[in-house]
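Hi,

Here is the structure I promised to pass on. Have a look at it first, and then read my notes below.

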Amino acid sequence: MNFLEAATHPLIYGMVIIGLLYVSAIALLSVRKSWKRARELGYTKEQLMRIVRSSATFTIVPSIAIVVGFFSLASLLGIPWAWWRLSVIGSVTFEIMAANIALATNNVSAATASAGDFVLVMFVMSIGIIGGLVLSAFLAEKIHTGSIKRKDRDPRWGALGNSVFMQAIIIAFVVPMLLSGIVNLLTLLTSGLAAYLLQLIAVKIPNGLAEQFYPSLRDADRYGIGNLVDRTFRLIII
């Protein structure tokens, strides 16, 4: 059995469907409990329906990017595993990177890999993403409260911390792309150009309209993301 046959095996489909049904059941239960509690607090059905419609609107636009990422990931890992990774937890960038690292360890590609290599890919992806969840359970509150205290003592630390964090993430993903050949380099340049153009468009959009689709746009300047994108793009192009 080769890599693709293992990735599209009915057993994988069955396991993914069971997992997605379980996650969906938890989500529906949470919605039901939240609705019931909101009614107890005095919210009307009309108010709650407005919240539901607003939340659905905020979900649509990000979902488009996830769907596009799904097709990219499915071409490498097959439909069921890509479906699972992007439906529960994960990102296209991390998943592809983890898969390539796992395959490179055995000196194979997806075209020449075996079913055992697919198992290795699943293991690396799962273990890699679980680390963040486990550490968050023990460290997230301490980090959050510590950053708030630091920000209260000196407001500049909040903007500085967020800016440095975003730059660290960008560096972690950009440097490998710079050293991975012309295709990855062109992908980086295209992405930088798209981000720069979207930033210019966002500036021209009337106040409030952009935030309906992407509320965090209003925080771009506070976090230094807009300036960071601008400086990075100019550095690469100019």
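Predicted model: local features only at pLDDT ≥ 70, side-chain atom pairs only at ≥ 80, totals over all residues.

A nonpolar patch sits on the surface, made up of Phe123, Ile127, Ile130, Val134, Leu135, Phe138, Leu139 and Ile143, and its members share about 810 Å² of accessible area. Patches here are built from residues with over 30% relative accessible area and no salt bridge, joining like charges within 9 Å and nonpolar side chains (Val, Leu, Ile, Met, Phe, Trp, Tyr) within 5 Å. The areas are from the Shrake-Rupley method with a 1.4 Å probe, and for residues only the protein chains shown count as cover.

Residues are numbered from 1 along each chain as its sequence is written, and side-chain values use heavy atoms, with hydrogens and water left out.

On the overall fold, the chain has 11 helices and 0 strands, and its pattern along the sequence reads α-α-α-α-α-α-α-α-α-α-α. Helices (H or I, at least four residues) and strands (E, at least two) are DSSP runs, numbered from the N terminus. There are 238 residues in the chain, and 19% of them count as buried. The chain exposes about 16,500 Å², with carbon and sulfur atoms supplying 69% of that. If you take the contacts (heavy atoms within 4.5 Å) between residues at least 6 apart in sequence, 63% join residues at least 24 apart.

Now the residue I'd click on next, Glu95. Glu95 is in helix H5 (residues 92-105), and at 0% relative accessibility it counts as buried. What does Glu95 form a salt bridge with? The partner is Arg85, with the closest N and O atoms 3.2 Å apart. That pair links distant parts of the chain, Glu95 being in helix H5 and Arg85 in helix H4 (residues 79-88), 10 residues apart. Arg85 is buried, as is Glu95. The two side chains also make a polar contact at 3.2 Å; that term covers a pair of N or O atoms within 3.5 Å where, within protein, one must be able to donate a hydrogen and the other to accept it, and residues adjacent in sequence count only if both atoms are side-chain atoms. Leaving out residues up to four places away in sequence, Glu95 touches Leu73, Arg85, Ile89, Gly90 and Met125.

Ile129, in helix H6, touches some of those residues too: with residues up to four places away in sequence set aside, its contacts are Arg85, Ile89, Gly90 and Phe94. Ile129 and Ile89 are 40 residues apart in sequence, and their C-alpha atoms are 8.0 Å apart in space.

The salt bridge count comes to 2, using a side-chain nitrogen of Lys or Arg within 4 Å of a carboxyl oxygen of Asp or Glu. Besides Glu95 with Arg85, there is Arg37 with Glu40, where the closest N and O atoms are 3.2 Å apart. Arg37 and Glu40 are separated by about one helical turn, because they are 3 residues apart in helix H2 (residues 10-40). Arg37 counts as partly exposed, at 48% relative accessibility.

Aromatic pairs also come to 2. Rings of Phe, Tyr and Trp (its six-membered ring) pair if their centres lie within 6.5 Å, and planes under 30 degrees apart count as stacked, over 60 as edge-to-face and the rest as tilted. Phe3 and Phe118 are edge-to-face because their ring centres are 5.4 Å apart and their planes are at 90 degrees. Phe3 lies in helix H1 (residues 3-7) and Phe118 in helix H6 (residues 115-153), so this pair ties together parts that are 115 residues apart in sequence. Phe3 is buried at 2% relative accessibility, and Phe118 is buried at 2% as well. Phe70 and Phe71 make the other edge-to-face pair, 5.5 Å centre to centre with 65 degrees between the planes. Phe71 is exposed, at 55% relative accessibility.

Last, a backbone detail: Asn107 has a positive phi of about 55 degrees although it is not a glycine. Asn107 lies in the loop between H5 and H6 and is exposed, at 71% relative accessibility.

Cheers

Terms used
Buried < 20%, exposed > 50% of the residue type's maximum accessible area, 1.4 Å probe, protein only.
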